[in-house]
Amino acid sequence: MPAPLAWLLVAVAFLGVAWAILTPAWQAPDENSHFAYVQVLAERFDLPGDGDHPIYSTEQARAMEAVNADQVAGFPETKPQWSEEAFERWRASGADPPERLRADGGGPNPAGSNPPLYYLYAGLGYRAAAGGDIFDRLLAVRLVGLLWPLLVTVGVWLLAGELFGRDRTLQLAAAALAGLLPMLSFVSASINPDGMLYATWTFFLWLGVRALRRGLDLPTAAGLALVTGVALVVKGTSYALLPALALVLVIGLWRLRRRSTARLVALVGSVLLALAVTVGVWTALARSLDRTASGQLVGTGSDAVALNVKQLASYLWQFYFPRLPSLEPFPLSTEQPVYDIFAKGVWGAYGWLEIGLPEPLYIVLAVLTLAMLGAAGYALLRSPRRIDLPIALFLLLVTGALLAGLHWTEYHYVLAGNVNFMQGRYLFPLIGLGGAALAKALTLVPSSRRPSVLAGVIGLLLALQLYGMGLVLERFYA
Amino acid sequence: MRRRPELVLWASLALAVVVLVVVGLATVRDDAFTLGVTPGVVAAVLYPGDRACQELIDVPEDFSEVELQLGTFRRAGAPLEISVHDRAGAGPVLGRGRLPGGYPDVSRQRVAVGEVAAGQRVAVCAESVGGPKVAIYGNAGAAAPDSPLRLRGRRVNRDLTLVFYEADGRSLIAEVPAMFDRASLFRAGWIGPWTYWLLALAAVTLVPFALGRALRGLSR
């Protein structure tokens, strides 16, 4: 392994451990539901959704009550329980419940529509700490999840290698942005399938670019399909990968059209096999259990609202730009969604999103982000002949499909009377592209100065990590 | 100049740490602890002579002021007598204070009650001493399950939103040891305050060292 990557992984791992230890139990987005899913799977080898059971086990409900998790979630003015007397009372009465009180959850769960692969993996951590109390098990589940930001970092390094060649500075720049982005560390260090989702998407991007650049060979085709299949069994969001997978396969097979039929059959067979052993198995299993394979796409069920193209376009405009006087106001949760949700959510919204950075810092970071994207675009357009069109199309398709899925969901979600669907972290499956943009922007700097500029960027990310941890500590314990 | 990127990294980090320390010294907080109840509903309505007591509140830190969120039904707020008792509303008085009338609707009001020491369980009582009715905000009784609320002597399934303050503010930096102590409860069994000290030390030494080595590896 190249030394810069190895040392970067050391830092990423440490920061992940720090976030996993620092974040109070169930004070990350939906961590209560995800933990309940892990617990019922690890204790009973069952999926949540049984209406005869409560969502949380008695053990989890008592622990959440003892630490005041529900009252604290999302409300900065309330604090978790930190009285030693209360802690001792919990230890005396609730820390070591009978096994049946660990396993009596499994009722309808907001996370229950997610496929089970992440939760099965997380269950390994749970089982490894089965002899401890609920907080031991919760930390163990968080810690095993730290594999994913490490894989994200490796995946972005490899992606940058495909895009820019074997340039260690550019690879380190791309991988460092992914591995050291504080919000990505925070989310990945909590109990949440998103960390695994980011890893699978990052490897999908790498393998897709590799297939288009080097040609579709059997290992790459099988790997790409396997990663897609795994991503589909992690979260339904990953259906957005299918158009890009199809594009890579069509282009790859077209380029191989003069090769032997046996080779083409082997390639197609490997793709089908990889999909069959992942999403195929889960789909069959879900049907046998009378479950949906993944959460139904909002707006496609019986509650679907009739599509109004003009209204959809108006919503999209109002998400990204100030509303024009001619547009009917769309009931979004904020005046400037692209800034309030995407920019702030990507750069730091900890806890249940209630812990933010100071407004001026958000503005500076948003400007830096725009400058980086602008510089990357300029660097790209400076030499348009060197743009690989199939790769550009592939990356645009992945990006467009994710955004289209998110906006389609939010549009219907809001029309159904809900608020607050969109989150900045939903963009993190594309973190590989963010890293690539930073690396591309760095190409505008003379080669001799790139390491120093990169050091400044890494210093900024590290400073934001420390600041983010300080904010979390202050919010919960000051 | 092979080490220049590392110097830039360490300089960035040093700057960040200095800024964090300065901000930590400049940020002075006087909040001691909360009952941990969000102000979601009206938990009690007091008419003149009524008394609401939130009992069996754990006191993990010394405090000298209590804050409540009050509603006045669009009139000037009525005066309240706030008292702190040992364990229950009928217990010996540990502190007392008065909130003058005239405060606005749906506002947070702090009342000085005298020094109350940590390490005991107390009741905080609010009594209307005249004027129009007053609403005290809080939440359902499950919000603070170990701490019952009594209204006019009868237990009700609600809890009050209460925030407790110290007499003197402390800088965030001065509060770090206490924060580490608090953050070590309700955690994996092996975690103690030492874990956070170690993490903080490693965050400003091990992590930049590793990243510095990553940058140094570029020149090979």
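Here are some notes on this two-chain model, point by point.

1. Before anything else, keep in mind that this is a predicted model: local features need pLDDT of at least 70, side-chain atom pairs count only at pLDDT 80 or more, and totals for chains, interfaces and linings use all residues. Residues are numbered from 1 along each chain as its sequence is written, while chains are lettered from A and ligands numbered from 1 in the order in which they are written.

2. Let's start where the chains meet: 53 residues of chain A are in contact with 47 residues of chain B. Contact here means that the C-beta atoms of two residues, placed from the backbone, lie within 7 Å. On the chain B side, α1 (4-26), β1 (28-34), α2 (172-182), α3 (193-203) and α4 (206-216) each supply at least two residues. α1(B) gives the most, with 9 residues. The helices (H or I, at least four residues) and strands (E, at least two) are DSSP runs, numbered from the N terminus. By type, this side of chain B divides into 29 nonpolar, 8 polar and 10 charged residues. In that count, Ala, Val, Leu, Ile, Met, Phe, Trp, Tyr, Cys and Pro are nonpolar, Asp, Glu, Lys and Arg are charged, and the others, Gly among them, are polar.

3. Chain B has two domains in the assignment (bounds come from an automatic or database domain assignment): domain 1 (4-29 + 171-219) and domain 2 (31-168). Their centres, taken over C-alpha atoms, are 38 Å apart.

4. Now for the largest nonpolar core, which has 199 residues. Such a core is a set of buried Ala, Val, Leu, Ile, Met, Phe, Trp, Tyr and Cys residues joined through C-beta atoms within 7 Å. Leu8(A), Ala173(A), Ala174(A) and Ile136(B) have the most contacts inside this core. Both domains of chain B give residues to this core, so it lies between them.

5. Take a look at Leu438(A), which sits in helix α20 (residues 431-442) of chain A. Is Leu438(A) buried or exposed? Leu438(A) counts as buried because it has 25 C-beta neighbours inside 10 Å. The cut-offs are 20 or more other C-beta atoms within 10 Å for buried, 12 or fewer for exposed, and partly exposed in between, with C-beta atoms placed from the backbone. Leaving out residues up to four places away in sequence, Leu438(A) touches Ala173(A), Ala174(A), Leu177(A) and Met372(A). With the same exclusion, the partners of Ala173(A) include Leu438(A), Leu442(A) and Val457(A).

6. Ala371(A) has 11 C-beta neighbours inside 10 Å, so it counts as exposed.

7. Helix α8 (residues 134-144) of chain A has 9 of its 11 residues buried, so it is largely enclosed by the rest of the structure. Among the buried ones are Phe135(A), Asp136(A) and Arg137(A). The cover over these buried residues includes α1 (3-22), α2 (31-44), α3 (58-67) and α7 (117-128) of chain A.

8. Finally, chain B has an open sheet of 6 strands in the order β6-β5-β8-β3-β10-β11, with antiparallel pairing. Strands pair if DSSP finds at least two bridges between them. β6 (93-99) and β11 (154-156) stand at the edges with a single partner strand each, so one side of each is left without a neighbour in the sheet. β10 (residues 149-151) of chain B is joined to β11(B) by 3 bridges, and Leu151(B) stands opposite Arg154(B) in β11(B).
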